[in-house]
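Here's a quick tour of one structure, taken piece by piece. Have the 3D view open as you read.

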Amino acid sequence: MLFNKERIHEWTTDQLFASATLGTYQTCGICIPFFHNWRQTFTTVTCHPKAFEHILRTRFNNYPKGPTWKNTFHDHVRGSQGTVDFTKENSGSRLSKLKLIPTLYNWVNPTIKNGLLPILDKATKQSISVDLEDLKIRFGTDNIFGLALGKKLKTLNTQVTPEDELVALAIDTTIKSFFKRLFYPNFVLNFMRFFSIGSEQSLKKSLQVLNNYITESLEERNNRNDETFDDYDFLWTLMKKVKVNGPGHILSSSDIMISTIVDILLGDHNSVATSASWFFWLVMNNSHVGKKIVDEISTILKKNGGKDGDGSKITNSIESPCGEETQEWIEEPLSYEEINSFVYLHVTLLETLRLYPSFPRIVRYVTSDDILPGGTFLDDICVCGEDFLEFKPERCLSDDETKIERREDGYMIAAFNGGSRTCIGKYLSFLEMKSAASAILLRYKLCPVLGHQVVPKPFFTLSMKNGLKVNLKRRDLAAIL
Ligand code: HEM
């Protein structure tokens, strides 16, 4: 493992393939007497959907996140959702999930129009390449701050303020410092923590920056003292909830709110950008998939697009297949309803997440001995079909290709975790990815920069080590009608 630490994701996948029951293997680490509990050195690694279901849903209570996870994130804030076990609800977030999704769109839409597209336009005109992964990270950061705090960062702008830059950097440093913790033995980590040195010092500072920023936002909101304003964001949801259910003044629960907001910011960081980057990479390398997506976008635009979006537009668009009609398509990003009607784009994202899950490892601890549902070589292959290594979005489509088909084995794609602790950002992520993907693919043809190597980076997320460098060319919309 040590020899393969730079290609840890690929190495783990190789081990899973090499295992006798394809999909699950057991291994053990080095047990240092007095420092380790010998039982903790045994690890079972699985990518088997039935095992996922067993761990994440059926015997959920037997598999907490465990001491390593808690030790890694414990000081991020008291009661942080990411480290809490066995609670079914996420601090009211699930309750507000449905209302927040359209709200996210109100943040995403201007970020696409005023942040992302101008950068891509400029790169196209000047024929320079862009790092799509970096742009997607900044895109995700700007949106999530808007959604979480009602205060968007503007890291995509050319004139990003020093404050925005500091906060964006703080998120990045926090995640990187948490990751470093996984490599230190406990006694070294405790020493570094106690004397606040190395990555522990950076972590302390970056958490302080985040806490200050969130506290300021909380106070700003609190000072507005206006029960009727309708800015709908995560902070506002929490404030209302605490006001209704909590004892006394809102700030008495500020710790919980800060921790929940930090959870949201950290949960989002890189995850959507990672999936979107692999999506674009796969689409660039499978042009037939890209073509089908663009066809789907244009079909939806022909049906719903235009100023009023009523049925009469359909005939008009088809009869006058280029010029003004298509110009209208690219003036504004797609509407919330249009984004939601994508089927092929959605299954392509699902297939991307099956092959390249943003969080390639979900770590769980076992509280009492258990037996995982077994699987033979053949069973495993049958879960996704013999072509399970192929990028094939159609596998999640109904036979007539009009609907997303829920597979018998719902845990075939466990990229968002499962059971009652499914990622709370799941629907938001799809909305964000579909909005950005459709906006980009409708306007540009992408091709990878020659010689640019796309390889995964060893990290919490399956980010790309060298980013995703692409060249862009304006798409001729008349040609797709
Ligand atoms: C493609 C994008 C995303 C993927 C693949 C993803 C995946 C996951 C996974 C696998 C977990 C479980 C981690 C574990 O228990 O070890 C998780 C948890 C979580 N995610 Fe996401 N996530 C994504 C986007 C987001 C976004 C946009 C947000 C913010 C709104 C978010 C917020 C969270 C939070 C707060 C948790 C902890 C939830 C809990 O423990 O109950 N995620 N996510």
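Predicted model: local features only at pLDDT ≥ 70, side-chain atom pairs only at ≥ 80, totals over all residues.

## Two helices crossing

Start with helix 5 (residues 132-149) and helix 11 (residues 271-285): their axes come within 8 Å and cross at roughly 145 degrees. Helices here are DSSP runs of H or I with at least four residues, strands are runs of E with at least two, and both are numbered from the N terminus. The axes are lines fitted to C-alpha atoms, for helices over the stretch in contact, with angles running from 0 to 180 degrees between N-to-C directions. Helix 5 passes helix 11 in a right-handed crossing, that is, with the near helix turned clockwise from the far one by less than a right angle.

On the helix 5 side you'll find Leu132, Glu133, Lys136, Ile137 and Gly140, which meet Val272, Ala273, Ala276, Ser277 and Phe280 in helix 11. Contact is called when C-beta atoms, placed from the backbone, lie within 7 Å. Sorted by class, this contact has six nonpolar, two polar and two charged residues. Ala, Val, Leu, Ile, Met, Phe, Trp, Tyr, Cys and Pro count as nonpolar, Asp, Glu, Lys and Arg as charged, and the others, Gly among them, as polar.

Residues are numbered from 1 along each chain as its sequence is written.

Three strands make an open antiparallel sheet in the order 3-5-4, where pairing takes at least two DSSP bridges between two strands. Strand 3 (130-131) and strand 4 (444-448) are the edges, each pairing on one side only.

Strand 5 (residues 469-474) is joined to strand 4 by five bridges, and to strand 3 by two. Across from strand 5, Leu446 stands opposite Leu472, Cys447 opposite Asn471 and Asp131 opposite Lys469.

## Around the ligand

The ligand has 22 residues around it, the closest being Gly267, Ser271, Ser358, Cys423 and Gly425; a residue is near if its C-beta atom, placed from the backbone, lies within 6 Å. This shell divides into nine nonpolar, ten polar and three charged residues.

Helix 10 (254-268), helix 11 and helix 18 (426-443) each supply at least two shell residues, and helix 10 gives the most, with four. Domain 1 (93-268) and domain 2 (272-480) both contribute to the shell, so the ligand lies between them; the bounds come from an automatic or database domain assignment.

Conventions. Contact = placed C-beta atoms within 7 Å.
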